[in-house]
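This briefing takes up the pockets, the ligand site and the backbone geometry of one structure. The sequence and the model are shown first, and the notes follow by topic.

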Amino acid sequence: MTTHKLLLLPGDGIGPEVFAEVEKVAAFLGQAGIVRFEMERGLVGGAAYDAHGQSISDADMQLAHEADAVLFGAVGGPKWDSVPYDVRPEAGLLRLRKDLELFANLRPAICYPALADASSLKREIVEDLDIMIVRELTGGVYFGEPKQIIDLGNGQKRGIDTQVYDTYEIERIGRVAFELARKRKNKVTSSEKRNVMKSGVLWNEVMTALHKREFADVQLDHQLADSLGMQLVRWPKQFDVIVTDNLFGDMLSDVASMLTGSLGMLPSASLGETNPKTGKRKAMYEPVHGSAPDIAGKGIANPIAMIGSLGMALRYSFNLASAADMIEKAIAGVLDKGLRTADIKGAATSTVSTVEMGDAIIAELRKGA
Ligand code: IPM
Ligand code: MG
């Protein structure tokens, strides 16, 4: 059995709470002889700032470079609201994405039938939903320069962010989306705002050309990002794979999360280019939800998105699709049994804690192993 190197970065808020549960799952997989992990632990976000005044240290970045995959919890919280911008908790997450060149962010939105009532939309709209949002993660307005606030000297200031995309960035994220679609329902919806943004005009042109050149067998639609947001809540099942830029992807994936019942349900994978020599790619796995400071420390956070993120690591980094299926089945199993954390309570009469949810998922895994 190969040993895989994992770097664990629990972060802040509910991060460490949901992390404790995913570590139990990782330990179970090890004991069951399914996969062997060699694990290192690091600090990110506010936790790293408190320890060494940075949102992630160079030493931990080095560990991230050496790892086969990084498992990430969540960062941020009111405690760090007034720390300098460059060392704010989110900067650690952005540095990991940028320095590891994790340009492809996969955010699946799956609505388990048992949870259809926890969604704010009607059951028939979300039940059995299975879409994949592919978000560009290392470009666009998140990283474009100039990015600054300048003093205009007349009592006015100017805030500037730059939305910028080069052809190669659009092509490589497009390829990820088309290749995924081929294994799914063979349909890609590309989204931008070409009606107001030059970067959107280019995005649309490059996607269209790439499709024609390499992926003519896949269905490609284009939809303006505002309209896509509307369609996502009107009739989300019309979509299969959605590919979009960094900022639109950030927003649209939060919208999509509510289709599944809760933000606490969504895992994600952030992937780099595959190295042709080793066949390996850099990768980080994290829940879509944040650090949720309002419920941190209460033991009520939902660990499913975090555990699902380990499932994605098994699938996309370690080529262990059957183990990933096991995790997804175990999650569906506990939901079928009616176990609910507070965020997915719906019409349920009682809820379980973070630890109880983790234990119940392990019990399901045990049955399946
Ligand atoms: C996400 C988060 C991050 C983002 C924040 C925490 C910087 O919202 O992963 O969706 O904006 O990308
Ligand atoms: Mg977000």
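**Pocket, ligand site and cavity**

The lining of the largest pocket is made up of 19 nonpolar, four polar and 10 charged residues, where Ala, Val, Leu, Ile, Met, Phe, Trp, Tyr, Cys and Pro count as nonpolar, Asp, Glu, Lys and Arg as charged, and the others, Gly among them, as polar. This is a predicted model, in which local features need pLDDT of at least 70 and side-chain atom pairs count only at pLDDT 80 or more, whereas totals for chains, interfaces and linings use all residues. Residues are numbered from 1 along each chain as its sequence is written, chains are lettered from A and ligands numbered from 1 in the order in which they are written, and side-chain values use heavy atoms, with hydrogens and water left out.

**The largest pocket**

- The largest pocket has a volume of about 730 Å³; a pocket is an open set of points on a 1 Å grid over the protein atoms alone, with protein on both sides within 12 Å along at least five of seven lines, and lining residues have an atom within 4 Å of a point.
- Grid points are joined across faces, edges and corners, and the volume is the space filled by probe spheres set on the points.
- Of the 33 residues that line the largest pocket, L106, M132, L180, R315 and Y316 lie nearest its centre.
- Two or more lining residues come from each of β4 (104-110), β5 (130-136), α6 (167-182), β11 (267-271), α10 (304-316) and α11 (321-336), where helices (H or I, at least four residues) and strands (E, at least two) are DSSP runs numbered from the N terminus.
- The largest share of this lining, six residues, is supplied by α10.
- Because domain 1 (1-106 + 275-369) and domain 2 (130-259) both give residues to the lining, the largest pocket lies between them; the domain bounds come from an automatic or database domain assignment.

**Ligand 1**

- The residues surrounding ligand 1 are E90, L93, R97, R107, R135, Y142 and D250, a residue being counted if one of its heavy atoms lies within 4 Å of the molecule.
- Oxygen atoms of ligand 1 lie 2.7 Å from a polar side-chain atom of R97, 2.5 Å from an N or O atom in the side chain of Y142 and 2.8 Å from a polar side-chain atom of D250, where a polar contact is a pair of N or O atoms within 3.5 Å.
- On its own ligand 1 has 320 Å² of accessible area, of which the protein covers 77%, as computed by the Shrake-Rupley method with a 1.4 Å probe.
- Domain 1 and domain 2 both contribute to the shell, so ligand 1 lies between them.

**The cavity**

- One cavity of 30 Å³ or more is found in a search of the whole structure, a cavity being a set of grid points where a 1.4 Å probe fits but cannot get out.
- The largest cavity has a volume of about 50 Å³, and its lining includes Q163, Y165, W203, D245 and F248.
- At least two lining residues each come from β8 (187-192) and α7 (198-214), with α7 giving the most, three residues.
- By class, four residues of this lining are nonpolar, four polar and three charged.

**Backbone geometry**

- E145 and P146 are joined by a cis peptide bond with omega of about 0 degrees, and P146 is found in the loop between β5 and β6 (148-151).
- N186, which is not a glycine, has a positive phi of about 65 degrees and is found in the loop between α6 and β8.

Technical notes:
Polar contact = N/O pair within 3.5 Å; in protein donor to acceptor, adjacent residues only side chain to side chain.
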